[in-house]
Amino acid sequence: MTEPSEILPDALRLVEALLFASAEPVAPDALARHLPEGTDLEALLDRLRSDYEGRGVSLVRIGRRWAFRTA
């Protein structure tokens, strides 16, 4: 398994971009298809949620999908 710290900056930016570009909430498997095998997607989503906490935009889970929404 790839260590998250080895790929975190690029993977984090990619997940962030995919979520912002999508008009609809995105399923984790759809995000994972764009990431290197072994990437800890849950850790990336947790990091993004934390990074956006208290800002005008929030990362939220809607059912089993993820999306950015205004706070």
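The model is a predicted one, in which local features need pLDDT of at least 70 and side-chain atom pairs count only at pLDDT 80 or more, while totals for chains, interfaces and linings use all residues. Residues are numbered from 1 along each chain as its sequence is written, and side-chain values use heavy atoms, with hydrogens and water left out.

As for the fold, the chain holds three helices and two strands, these being DSSP runs numbered from the N terminus (helices H or I, at least four residues; strands E, at least two). Along the sequence they come in the order α-α-α-β-β. The radius of gyration, taken over C-alpha atoms, is 12 Å, close to the 11 Å that the globule rule (2.2 Å times the number of residues to the power 0.38) gives for 71 residues, so the chain is as compact as a globular protein of that length. Its C-alpha atoms fill a box of roughly 35 × 20 × 20 Å along the principal axes.

Turning to burial, 30% of the 71 residues count as buried, meaning under 20% relative accessible area with a 1.4 Å probe, protein chains only.

One residue gets a closer look here. T39 sits in the loop between α2 (28-32) and α3 (41-52). T39 is buried, with a relative accessible area of 15%. The side chain of T39 also reaches the backbone oxygen of P36, at 2.6 Å.

Notes: Buried means under 20% relative accessible area, exposed over 50%, partly exposed in between (1.4 Å probe, protein chains only). A polar contact is a pair of N or O atoms within 3.5 Å; within protein, one must be able to donate a hydrogen and the other to accept it, and residues adjacent in sequence count only if both atoms are side-chain atoms.
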